[in-house]
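Keep the sequence in view as you go.

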Amino acid sequence: MTIETKTDTPMVEIVNVHKKFGDLEVLKGINLTVPKGKIVSIIGSSGSGKSTLLRSVNHLEVIDDGVIRLDGVQVNRPDMKGLAFERHINHIRQNMGMVFQHFNLFPHLSTLDNVTLAPRKLKGMARKEAEELGREYLNRVGLADKADVYPSRLSGGQKQRVAIARALAMQPKVMLFDEATSALDPELVEEVNLVMRDLAKEHMTMLIVTHEMAFARDVSDWAMFMEGGVVVEEGTPDKFFSNPDHERTRNFLRKHLSSQH
Amino acid sequence: MDVNLMVEVTPLLIKAAWITIDISIRAIILGFGVACVLVFLRSLQIKPLQWFSRGYVSVIRGTPYFVQLLLVFYGGPTIGLTMDPFTCGVMVGAFNIGAYMSEAIRGALESVESGQNEASRSLGFGRLQTLTYVVLPQAAGLMIRSVGVLAIVLVKNSSLVSIISVVELTYQAQRLIGSTYKPFEIFTLTAVMYICIVYAVMGIVELAYRRATRYTTLVKRVQ
């Protein structure tokens, strides 16, 4: 490998990915490239395979066929077994931040400890240094004053912002959002969207699975519609949302745009 | 009721109660080790080891503790397994409670929602780190409570080791009755002593439980 390929390497590459749950094929040969600093939104109804695809990127779902790369490094390695693969995937995951629909904050740790756990234990950062970093990230999501509070005392929106700070504290190369606002009360969605917009301004590479069409249209560089495990249509958000080529995309958008407000 | 006699035998019974406590503590500690091995074997993705772990638990749960004790103590020498009564009491107690504990520990670990595991793994933590930093602290409360219940059963079951002539509380009581012919006084005292031991265990378990689940009531982080 030569050096000049490095600069042009896409941040995330998904090549011909297949995935089955038993007899049900949920991903039927998906291809997607996310260039560095770009934001890609994946939309589709539940059961379309969009969440499975996102979870495959950091190997929470094991794909059956195809290749996934992060910054040029192959994530899935069917040739690696046991502990060797464990080490490989743990290292890869340190470079990918993931945000879940149900936040999954660690309830036994304070907000600050939630954010500092991974930098301390995985990067060997000293507590003091990690807490400075942690407070900085909490500040970025607007929750500096909640550092010492436990997650049970936070609202859904606050929990999700802490979850984002927790992922950011590992300084990942890409952020994966799996329906980050779907479990939130409507009035709490915007505060999370604001944090994600800030990330977009800082040119964080993001892969977003969402039901928020307006938000997707606004922040994305590329939008993709999935149905039944295949990509039906993809394109720039302007074209995709205002003048899609496919009837199925139009139907989906019509349903979701009208039901949103 | 012969109060004088009761006062007179109390020190002897207390002394024997210490043997009951000693045998129980050893069995619980060793049993915890047995349980951890069983849980570990069960968690490995290796079929024969999983079968062994499950089979072991089934056999222990499917047979009376009393029979296990008799089998090992009287049947053991036939296959070259000879132990003094105290050691036998500890070992049978440990391997018995270990089987039950392994199920309690597994249940507690599985009670932590899978999202916690996923969040930890997505940050880059390995299996063991996830267990240590994320799952165990959340499973500890339930684990302590269920292990505590088993510990109490073990303390009470330890009276059965009197049959293999370990001089613990029940054995001592029977011996004293043999020379005094006062079963009412002596068994009453014996029962009171078991209650004291059991309540002490419950108290310790409750304290440990509160400590382990403190985070659920804390508002602010403690430094």
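1. Start with the record. UniProt, in an unreviewed entry, puts the feature "transmembrane region" at residues 16-41, 147-166 and 186-209 of chain B. Its positions follow the numbering used here, feature names are shortened, and annotations may be inferred rather than shown by experiment. Residues are numbered from 1 along each chain as its sequence is written, and chains are lettered from A in the order in which they are written. This is a predicted model, where local features need pLDDT of at least 70 and side-chain atom pairs count only at pLDDT 80 or more, while totals for chains, interfaces and linings use all residues.

2. How do two of those spans look in the model? Residues 16-41 of chain B are 100% helix and 0% strand, with end C-alpha atoms 37 Å apart. Residues 147-166 of chain B are 55% helix and 0% strand, and their end C-alpha atoms lie 25 Å apart. Helices (DSSP H or I, at least four residues) and strands (E, at least two) are numbered from the N terminus.

3. UniProt also lists "domain: ABC transmembrane type-1" (unreviewed entry) at residues 17-205 of chain B. That span is 83% helix and 0% strand, and its end C-alpha atoms are 20 Å apart.

4. Now the interface: 26 residues of chain A are in contact (C-beta atoms, placed from the backbone, within 7 Å) with 20 residues of chain B. On the chain A side, helix 3 (82-93) and helix 4 (111-123) each give two or more residues. Helix 4 of chain A gives the most, six residues.

5. Have a look at strand 6 (residues 96-99) of chain A. Met96(A) and Met98(A) on one side, and Gly97(A) and Val99(A) on the other, are all buried (20 or more other C-beta atoms within 10 Å of their own). Four bridges join strand 6 of chain A to strand 7 (residues 174-178) of chain A, and the two run parallel; DSSP must find at least two bridges for strands to pair. Met98(A) stands opposite Leu176(A).

6. Leu176(A) turns up again in the largest nonpolar core, which has 112 residues; Val99(A), Leu176(A) and Leu207(A) are among those touching the most other members. A nonpolar core is a set of buried Ala, Val, Leu, Ile, Met, Phe, Trp, Tyr and Cys residues joined through C-beta atoms within 7 Å. Helix 4 (residues 85-111) of chain B supplies the largest share of this core, 12 residues.

Notes:
Contact = placed C-beta atoms within 7 Å. Buried ≥ 20, exposed ≤ 12 C-beta atoms within 10 Å, placed from the backbone.
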